[in-house]
Every structure is written in structure tokens, then in C-alpha cells.
Amino acid sequence: MLLVGLTGGIGSGKSTVAARLAERGAVVIDADAITRELQQPGQPVLAAMVERFGTEILGEDGQLDRKKVAGTVFNDDQALADLNAIVHPAVGAEIARRLAEEAATDHIVILDVPLLVESGRNDLAALIVVDTDPEVAVERLVTQRGFSEADARARIAKQASREDRLAKADFVIDNNGDRAALDREIDRCWAWIRSLETADADR
């Protein structure tokens, strides 16, 4: 297994990059997708969240209302810490389980984690950062995902800075252009990952 990290700020297009790398043959372990799975009705994580934050975080269908959770924790550091204490260990355990399943394979495994720079993993062969100008990210969050500009800027400010991510990157995908430009960047990145695979095999 060749384990490569993938990260980027909110609005960077990281999920699009992950999907494109999967199309090229990578196995993607997506922390956000795992989080959503663990927050489904009947899962212990959701039960613990309801115990801490109350049933008002649920919709009428019993599903988690993510906007309500965000509104509850975003400006309350203790509430955010409590949420992270519930969610992060469970997500980490599931990521570890999936990595263990891949350990003996020859797969290229992309670990797609929004807070990868902040978490400081040291088991990666390399770290890819999807880089987007914060102003471009704000525009995408507002036009494509329905954020208010103030909310978009506040969320970007809560994450690692662009400079911190770039300082830790082994490879940078520039996603400030259009979709065709991004596809060219992903082709370039995939060739680079395959070169890592070859170098690893030669050792």
C-alpha cells in the first residue's frame, strides 16, 4: 500500500479531486463520508450527539440536521470540543480499520481528510494539498453551496491557513481555474503519485 494524504480548505474542490483520483484507480478513504455514515440513525455516534446536544439537532425524519449542529457548535468552543470528542475517535477508529484492510495490498490509497495538516499524521508517504485562493473559495461556497459570505469567511478562518497547508505539501494541485485546468492538474498529480509508487517498489 502507498498511503497518500489529500487535504485542502473548505471550498477548495478537494472532494472533486478525490473523485477524479478514484477514477484513475486510487482507493479513497474519505473522512467526511465516514463521518456521515457514523452519524446515521441507530449509530452510537448519533446517539451520543443527541445525548449531548438534544433532539433539536435532528430533523423530523430522525436524520441529523447538519446545519443545526453547525449553528450550535460553530461559535461555542466548548460545544465544538464536545462534538469533536464524540466524533473524532470513532472516525479515527474506522479509518484505522479500513487502512488495516488495505495494508497488505499494492493499492494507492488516498486518505481524504479536511484537517490533515492540523492532525499531523506521520504515516503518509506524501501529502497533496488542493490549493485555492480564499476569495475563490468564498465565491464557490456562496454560489455553489448556499453559504452566506460571512459564514464562508468564518469557516475558512477556523481552518489551517493557506500558508500552513502549502508549507507541509509535497504536491500542490492548483484549483483556481476551470474544470479543464483542474483535470490537467490531476493528471499531473496522478503521474507524480505513480512515480512515488515506482520509487517505493525500487527500495
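What covers the buried residues of α4 includes α3 (44–53), α5 and α8 (149–158), where contact means heavy atoms within 4.5 Å. Helices (H or I, at least four residues) and strands (E, at least two) are DSSP runs, numbered from the N terminus. This is a predicted model, in which local features need pLDDT of at least 70 and side-chain atom pairs count only at pLDDT 80 or more, while totals for chains, interfaces and linings use all residues. Residues are numbered from 1 along each chain as its sequence is written, and side-chain values use heavy atoms, leaving out hydrogens and water.

Stay with α4 (residues 66–73) for a moment: its buried residues are Val-69, Ala-70 and Val-73 (buried is under 20% relative accessible area, exposed over 50%, partly exposed in between, with a 1.4 Å probe and protein chains only). They cover an arc of only 100° around the axis, so they sit on the same side of α4; the arc is that of the directions from the helix axis to the C-beta atoms. On the other side of α4 you will find Lys-67 and Gly-71 exposed.

Now for the sheet. It is open, with 5 strands in the order β2-β3-β1-β4-β5 and parallel pairing (two strands pair if DSSP finds at least two bridges between them). β2 (27–30) and β5 (171–174) stand at the edges with a single partner strand each, so one side of each has no neighbour in the sheet. Further in, β1 (residues 2–8) and β3 (residues 108–112) pair in the parallel sense over 5 bridges, and Leu-6 stands opposite Asp-112 in β3.
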